Amino acid sequence: IAASTNASSGYFITVNGATLISGANTITAIGSSNTISSVGSEQFGLRMSASGGNGAVTSPYAASGFAFDTGSFPDQLASDADGDDVTTTYSLRYLGNISGTTEAGSYSSTLTYIITAGF
């Protein structure tokens, strides 16, 4: 995601959507704490990094673990308060782990990313 604005109060990026779903079955969303990958546990999450510009990733998505807080959606991922029209490039990584009791299926999720200018 490449973002920039000349809006006086910059911008912020949010995500909205759901965890991985296959019919009535779900993969557990990691939640609001930055958490490391745990092979053998159900986990779905994301993390983000920023390069260039003045934008910054918002906690808990900024660390080396993963988070996915569906309870507070839309959830803020990043922001830039400068409004200096300099582009920041954000990279996203996703985590999907299953446990030995995870139901078989074709899991998917639809996530919507929104960049909103601050005026």
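**Briefing: a strand-built protein and its buried residues**

Setting aside its neighbours within four places in sequence, T88 is in contact with I1, A2, A3, Y11, A50, S51, G52, G53, N54, G55 and D80. The model in which these contacts are found is a predicted one, and the values that follow were computed from it.

**The protein as a whole**

- Read along the sequence, the pattern of elements is β-β-β-β-β-β-β-β-β-β-β, and the C-alpha trace spans about 50 × 25 × 20 Å along its principal axes.
- The protein has 119 residues, of which 37% count as buried, while its accessible surface comes to about 6,100 Å², with 50% of that area belonging to carbon and sulfur atoms.
- Among contacts between residues at least 6 apart in sequence, 76% join residues that are at least 24 apart.

**T88, a residue of strand 10**

- T88 has its place in strand 10, which covers residues 88-97, and T88 counts as buried because its relative accessibility is 0%, where the cut-off for buried is under 20%.
- A polar atom of the T88 side chain lies 3.2 Å from the backbone oxygen of G52, and a polar atom of that side chain also lies 2.9 Å from the backbone nitrogen of G55.

**The aromatic rings**

- The structure holds two aromatic pairs.
- In one of them, the rings of F44 and F68 have their centres 5.0 Å apart and their planes at 75°, so this pair is edge-to-face.
- Because F44 lies in strand 6 and F68 in strand 8 (residues 66-68), this pair ties together parts of the protein that are 24 residues apart in sequence.
- F44 counts as buried at 6% relative accessibility, and F68 is likewise buried, with a relative accessible area of 0%.
- F68 also forms an edge-to-face pair with F73, with 5.2 Å from centre to centre and 85° between the planes, and F73 is buried as well.
- Through these ring pairs F44, F68 and F73 are linked into a cluster.

**The nonpolar core**

- In soluble globular proteins, nonpolar side chains tend to be buried together.
- The largest nonpolar core of this protein has 19 residues, and F68 and Y90 are those with the most contacts inside it.
- The elements that give two or more residues to this core are strand 2 (11-17), strand 6, strand 8 and strand 9 (75-80).
- Y90, not counting residues up to four places away in sequence, touches I1, A3, Y11, I13, M48, S49, A50, G55, A56, V57, A78 and S79.

**I36, a residue in a loop**

- I36 lies in the loop between strand 5 (31-35) and strand 6 (43-51), and I36 counts as exposed because its relative accessibility is 62%, where the cut-off for exposed is over 50%.
- Leaving out residues up to four places away in sequence, I36 touches Q43 and G65.
- I36 and A63 are 27 residues apart in sequence, and their C-alpha atoms are 9.6 Å apart in space.

Conventions. Residues are numbered from 1 along each chain as its sequence is written. This is a predicted model: local features need pLDDT of at least 70, side-chain atom pairs count only at pLDDT 80 or more; totals for chains, interfaces and linings use all residues. Side-chain values use heavy atoms; hydrogens and water are left out. Helices (H or I, at least four residues) and strands (E, at least two) are DSSP runs, numbered from the N terminus. Buried means under 20% relative accessible area, exposed over 50%, partly exposed in between (1.4 Å probe, protein chains only). Contact means heavy atoms within 4.5 Å. Accessible areas come from the Shrake-Rupley method with a 1.4 Å probe; for residues, only the protein chains shown count as cover. A polar contact is a pair of N or O atoms within 3.5 Å; within protein, one must be able to donate a hydrogen and the other to accept it, and residues adjacent in sequence count only if both atoms are side-chain atoms. Rings of Phe, Tyr and Trp (its six-membered ring) pair if their centres lie within 6.5 Å; planes under 30 degrees apart count as stacked, over 60 as edge-to-face and the rest as tilted. A nonpolar core is a set of buried Ala, Val, Leu, Ile, Met, Phe, Trp, Tyr and Cys residues joined through side-chain atoms within 4.5 Å.
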